[in-house]
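The sequence and structure come first.

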Amino acid sequence: MRFFSQSFIYDDSWSIVALAFFLRYPNPYASHVISCDVISRDHTPSGSLVTTRLILKKGAMPRWFPKGIVSRAESWVIEESEVDPYGKTLRCVTKNLDHVKVMQVEESVNFAQNAEGKTLQHTEARIFSRFGWGLTKRIENHGLTRFKANMQRSREGVSLILNLIRESRLQPMTLGAEVSHAVSPACEEKVSIGENLQGKSLWAKVKTWMYRPPPSQ
């Protein structure tokens, strides 16, 4: 088994980073993500939001891997998250559901607000293979190398969404004016994909929920 751990600090507040994390697909740094669907969402008695998403990703086997064993390079990934808006924490665990004998990747990500009002992200990953044939360590090392590269791209994708959120806050709004929903041709395709993966009304509700005040004592 290979183990990986890393921490990173975003300058933005926890609520903004948590929102960007849920809105990170699609983005140019995640072209390997084919689809992302919410399959369940509920509140706990303590007020946390629990979400399960099913993500389909595409990949490629290394050239040295035996041919004909893996029929397709796509993989289903289950993502289970819990958002505590009062404790300002987000916990998320993901793992692949197929090709588990070749390689299983279990990732745990935690977002929490620090004393300076910034957001600390801590990521841990366990990568292990039960393939055998003298290739177990080589597969695990390959998985670790790919995970590190993908994590950097994931962080860049979240940073891109954070920039879009900041820009949207700076857009002036005229009182009583009709809101325009027009998009530029360059952005039209991305918006269309985003609406198919993540319903606009759904994320509007999530954003409202993220900023709700704590319950009165």
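In this predicted model, the lining of the second largest pocket divides by class into 24 nonpolar, 14 polar and 11 charged residues. That lining has 49 residues in total, and Lys57, Val77, Val105, Arg146 and Asn150 are the ones nearest the pocket centre. The volume of the second largest pocket is about 1,000 Å³.

Several elements give two or more residues to the lining of the second largest pocket: the strands β3 (49–57), β4 (75–84), β5, β6 and β7 (119–128), together with α2. The largest share comes from α2, with 12 residues.

| Class in the lining of the second largest pocket | Count |
|---|---|
| Nonpolar | 24 residues |
| Polar | 14 residues |

In soluble globular proteins, nonpolar side chains tend to be buried together. The largest nonpolar core here has 19 residues, and the members that touch the most others are Leu90, Phe111 and Leu162. At least two residues of this core come from each of α1 (14–22), β5 (89–96), β6 (104–113) and α2 (136–170). The most come from α1, which supplies eight residues.

Which residues does leucine 162 contact, leaving aside its neighbours within four places in sequence? They are Tyr10, Asp12, Ile16, Val17 and Ala20.

Conventions
Residues numbered from 1 in each chain as written. Predicted model: local features only at pLDDT ≥ 70, side-chain atom pairs only at ≥ 80, totals over all residues. Heavy atoms only, no water. Core = buried A, V, L, I, M, F, W, Y, C linked by side-chain atoms within 4.5 Å. Buried < 20%, exposed > 50% of the residue type's maximum accessible area, 1.4 Å probe, protein only. Helix = DSSP H or I, 4+ residues; strand = E, 2+ residues; numbered from the N terminus. Contact = heavy atoms within 4.5 Å. 1 Å grid on protein atoms, 1.4 Å probe; cavity = no way out; pocket = protein on both sides within 12 Å on 5 of 7 lines; lining within 4 Å. Points joined across faces, edges and corners; volume = space filled by probe spheres on them. Nonpolar A, V, L, I, M, F, W, Y, C, P; charged D, E, K, R; others polar.
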